[in-house]
Amino acid sequence: MRIAIVDESASRAAVIREGLAMLEDCEIFVVTERRGLVAQIGQIAPDIVLMDLGNPSRDVLEEYFAVSRVLGRPIAMFVDESDEEAIAASVDAGVSSYVVDGLAPRRIRPILDLAVRRFNAFARLQSDLAEAKGKLAEREVVDKAKRILMDSRGFTEPQAYSELRKTAMNQGKRIAEIAEAVVTAHQLMGGK
Amino acid sequence: MGSDASPGELTIGFLPLVDACLPILAREHGFAEAEGLSLRLVRDMSWATVLDRLLYGHSDAAHMVAPLAIATTLGRGRPAQPLSVPFVLGLNGNAVTMRPDLARAINPAGGLGDPAQVGAALKAHLAQTGKPLRFGVVHRYSSHNYMLRYWLAGCGVRPDVDVEITTVAPPFCADALEFGEVDAICVGEPWNSVAVERGAGEIVLVTAQIWRRGVEKVLALREPVMEERRAEVEALVRALRKAGEHFVDPANLDDNAAILARAEYLDGSATLIRRAISDRLLLAQGGEVLHYPDFMFQHREAANFPWVSQAEWLYSQMVRWDGMGFDASDARKAARVFRPDVYRSALLGTGEPLPGASSKVEGSLGGPTSVSMQQGVITLENNRFFDGRPFDPALLQRYIESQRLA
C-alpha cells in the first residue's frame with residue numbers, strides 16, 4: 001500500500017512517517033512542499049493520503065481528487081459511517097485522510113489509528129516543548145527582577161527572591177508575573 | 001468545544017477574508033454580548049477544514065462559501081449532511097485579477113472592463129493564440145467559481161474546454177499568478193490587492209459586475225444544531241445585523257480595518273483591508289484607487305436575508321457544472337438550506353426590514369424598486385446579471401435546460 005503524508009511541517013511528517021514505518025507492506029512518501037503538490041501526488045499515485053487539517057492546500061487537493069475521479073482513480077475523504085467516533089478522533093487530532101475507492105475500511109483503520117496516535121504524540125511533544133521554553137523564559141525574568149531589586153534596594157539574592165514571593169502571595173499572582181512587572185517598571189524608569 | 005459548550009457560547013469557524021467581518025465585529029464591538037452570547041472564533045486555512053470542524057462539532061457555526069453549504073447538504077464529495085443558512089454574511093466582494101500582460105491584451109483601455117466586452121476580447125484572444133488559459137478559483141463549490149463560469153459561458157468561452165478552472169488557496173493566489181501557475185484568479189479581498197501591490201496582477205472585473213447582487217458567504221450550521229440551539233442562533237442573527245450596521249458606517253472604517261487586520265483575524269495589512277471594506281480598489285500598480293460602491297454588500301436592502309431563490313440559483317449552477325441532471329428532490333433540499341423563516345423570527349418586532357416574500361425573481365430589477373414588506377421599508381436597486389437574463393425560481397428546471405442548450 002502506498003501512503004502519502006502531506007504536511008508543511010517536516011518535523012511532524014517525520015514523526016508520522018516513523019510511526020507508520022512499522023506497518024508491513026506499506027511504502028511511505030512525505031510531501032512537505034506546497035509548490036507542485038498536485039503533480040507530486042500524481043506521481044506517487046497513493047492509495048492513502050494523510051494531510052494535516054491546518055494545511056492551506058486541502059481544498060486544492062480535494063479538487064484534484066474530485067477531478068481525478070474522471071480519470072478513473074477515484075479518491076475521496078475517508079468517512080467510515082460505521083464508526084463515526086474514529087473519524088471524530090482523527091479530526092480532533094488534526095488529521096484528514098483520503099482513500100482510493102475500493103480499499104476496505106479494515107485495511108485503512110489501523111493506518112488511520114496509528115496516524116492519529118502519532119499526531120497526538122507530536123502535539124504533546126510540542127506542548128511539552130512550549131512549556132519548557134515558557135519555564136526557561138520565566139526563570140530569566142525572575143533572575144532579572146532579582147538583580148534589579150539587589151541593585152536598587154541593596155537586597156541580597158535570597159532577600160530579593162523572598163520580596164518577590166511575598167508580593168506575589170499578597171496579590172494572588174505568580175512570581176513570574178510580579179517579576180515581569182518589576183522588569184517592565186524598571187525599563188519605564190529608564191533602567192536597562 | 002462546539003456543541004458541548006454552555007448556553008450562550010458559540011464557536012464560529014472562519015477563513016481570513018474581509019467578509020468574515022460580521023462575526024468578528026459582533027464579538028469585538030459587544031453586539032454578541034448584548035444578546036447574551038459569547039463568541040469564540042476559530043480561524044482555519046481551508047474551507048475543507050472549516051467544514052470538518054462544523055461537521056464534527058469543533059464549531060457550532062461557520063463562515064462559508066454559499067455553494068459549499070448546498071453541496072454538503074446534497075452529499076457532493078462526501079456523505080450528505082444537512083446544513084442550514086439563517087443569515088447571508090454578504091454579497092459579492094470578489095474580483096477577477098489577471099496577469100498584467102493578459103489584462104492589457106483583453107482590456108486595453110484599463111480600468112474596470114465591461115464584462116461583455118472583456119469576455120468577447122478573451123474569446124478572440126483564445127482563438128488567436130490557440131492556447132487554453134488557466135483560471136484559479138478558491139473552491140470548487142464557491143460563488144467565485146459559479147460567477148466566473150457564468151460570465152465565461154455567457155461570452156461564449158467554454159469553461160473546462162477553452163479555459164481550465166483550478167482551485168488555488170486564497171493566500172497563494174498572488175504567488176500562483178506570479179509564478180505562472182494560473183493566468184487569472186477570481187478571489188475575495190485582500191488577495192486581489194495583494195497581487196496588484198506586488199505587480200503580479202491587474203484587476204479587470206469585479207463579480208458585482210457579473211451579478212450585481214450575487215450571494216457570497218453565508219453563516220452555516222448543521223441543521224440539528226440550529227434546531228437545538230434555535231434561541232441562540234436567533235440572538236446571533238440579531239447581533240450580526242447590528243455588526244453590519246456598524247460595518248457600513250464610514251465613521252467606523254479605520255477602527256474596523258484595524259480590528260480585522262489583527263494577527264488573530266486576517267493577519268494582514270490594515271491599509272489594504274480598509275481599502276476593500278470601503279469599496280475601493282487599486283486596479284493596477286501605479287494606478288489610481290477606484291471607488292466601486294457595490295463592490296462588497298453587507299447590509300443595505302436586507303442583504304443578509306437568505307432568499308430561497310438565491311439557493312435555487314446556486315443549485316442551478318451546481319447542476320450545470322457538475323454534470324448532474326435536474327432532480328426535484330435535490331432541488332427541494334437545496335432550497336431548504338436557506339432559512340428565511342429563522343431570519344424572520346429572529347428579527348420580528350425589531351426595527352429591521354423584513355421582506356414579505358421568501359423568494360424573488362433574481363436579476364429582474366434595472367433600477368430602484370420598492371418591494372412589499374412584512375416589516376419596515378426597503379428599496380431594492382439594480383440586481384441584474386451582466387447578460388440581462390433574469391432567474392425565475394418558478395421556472396428552475398426550464399432555466400437549467402436553457403443553460404444546457406446555450
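Strand E3 (residues 48–52) of chain A is largely enclosed by the rest of the structure, because 5 of its 5 residues are buried (20 or more other C-beta atoms within 10 Å of a residue's own, with C-beta atoms placed from the backbone). This is a predicted model, in which local features need pLDDT of at least 70, side-chain atom pairs count only at pLDDT 80 or more, and totals for chains, interfaces and linings use all residues. Residues are numbered from 1 along each chain as its sequence is written, while chains are lettered from A and ligands numbered from 1 in the order in which they are written.

**Around E3(A)**

- From E3(A), Ile48(A), Leu50(A) and Asp52(A) point one way, and Val49(A) and Met51(A) the other way.
- E3(A) pairs with strand E1 (residues 2–6) of chain A in the parallel sense over 4 bridges (pairing takes at least two DSSP bridges), and Leu50(A) has Ile5(A) opposite.
- E3(A) and strand E5 (residues 95–100) of chain A run antiparallel, joined by 5 bridges; here Val99(A) stands opposite Ile48(A).

**Where the chains meet**

- In chain B, 19 residues are in contact with 18 residues of chain A (C-beta atoms, placed from the backbone, within 7 Å).
- On the chain B side, H3(B) gives the largest share, 4 residues.
- The axes of helix H3 (residues 58–68) of chain A and helix H3 (residues 47–55) of chain B come within 7 Å and cross at roughly 95°.
- Their contact is made by Arg58(A), Asp59(A) and Glu62(A) together with Trp47(B), Ala48(B) and Thr49(B).

Technical notes:
Axes are lines fitted to C-alpha atoms, for helices over the stretch in contact, and angles run from 0 to 180 degrees between N-to-C directions. Helices (H or I, at least four residues) and strands (E, at least two) are DSSP runs, numbered from the N terminus. Two residues are in contact if their C-beta atoms, placed from the backbone, lie within 7 Å. A residue is buried if 20 or more other C-beta atoms lie within 10 Å of its own, exposed if 12 or fewer, and partly exposed in between; C-beta atoms are placed from the backbone.
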